[in-house]
Amino acid sequence: MLKSLVFLIVISFGVISCDRFNPGKEIITNCVQGSEPTKKILFIGWDGVRSDALQQANTPNLDSLLQNSLVSYNCDRGEHTVSVPGWSTVLHGVWPAKHNLKENSFRNNRYDDYPDIITITKQFKPNLSATVLTNWDDFLRITSNENYAQRYENDQQVTSAAIQLLNDCTPDMMFLHLDYPDYIGHRLGFSPDIIEYIGAIEVADFYLGQVMEVIRERESSFSEEWMVVLTTDHGGNGTGHGGQDHLTQTRKVWTVVRTPNGIQQVINELNSVDLMPTMLKWLDIIGVPNLDGTPLI
Ligand SMILES: [Zn+2]
């Protein structure tokens, strides 16, 4: 198992993604010091991780997180089972009927009417700093008003940059997007039976452990309290996931909400739109109009 993990990490360094760069958004690199002394948010998106595969994978770092988490393996991510609608639902807090995105395109979006979590947070707390790090360019276009928005060549670089930024300026909100599980799913299959797909999830868990080491150190040294939210945008079937609104393995996803003093709790059914009001409430922002979900804690 360890051997295959090391192998997959080495492979994940080498994923060529240069042709995927779509400079539709200006890269911003201001490492602005966080202003909120206590309550902070780390959001981690693992693209394309199926619930049953996640539960089968060997994920010691996630297991450790679950001790203080609310978790669901049966969370409805809504219709239109590709990434742009999925991440838009999570980070704008509304279903596709409102944000209007049904494919991997931003055409005809209604982001102005239904703003993203960073934009809304800054309407209430303009001094909060926000960082978005990804190796999938379109993820940068889901949100706006970041202080730092950067793309990288692979998940290892995203993780290293996150650790550096946490140590250098400790933003109040950090959003990370890891793409390697989706990449392997498309090539070899989104299935618990595909050892490489399971391995890709275990690599993501390895990176989670690296980031959580910094978070836990900060919590004990600086009295910070981090809400850590992990989720995915879709599962999959075969080597795809689009047009699978009716398939449980694609549409029903997992979601984790960890707080430092949280109690382990499994919730059967919830919705991806609940995550944004949950994160906003952690920052004492409540009563935002037009959101489709409700806070989970
Ligand atoms: Zn995909």
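How many of the residues of helix 4 are buried?

1. A word on the model first. This is a predicted model, in which local features need pLDDT of at least 70, side-chain atom pairs count only at pLDDT 80 or more, and totals for chains, interfaces and linings use all residues. Numbering runs from 1 along each chain as its sequence is written, and side-chain values use heavy atoms, with hydrogens and water left out.

2. The protein chain holds 11 helices and 10 strands (DSSP runs, H or I of at least four residues for helices and E of at least two for strands, numbered from the N terminus). Its radius of gyration, taken over C-alpha atoms, is 17 Å, close to the 19 Å that the globule rule (2.2 Å times the number of residues to the power 0.38) gives for 297 residues, so the chain is as compact as a globular protein of that length.

3. Of the 297 residues, 59% are buried, meaning under 20% relative accessible area with a 1.4 Å probe, protein chains only.

4. Now to helix 4, residues 83–92: 10 of its 10 residues are buried, so to your opening question the reply is that this helix is mostly covered. Among them are W87, L91 and H92.

5. What surrounds helix 4? Its buried residues pack against strand 2 (39–46), strand 6 (173–178) and strand 7 (225–231), and also against helix 5 (96–99), helix 6 (117–124) and helix 11 (275–282).

How values were computed:
Buried means under 20% relative accessible area, exposed over 50%, partly exposed in between (1.4 Å probe, protein chains only). Contact means heavy atoms within 4.5 Å.
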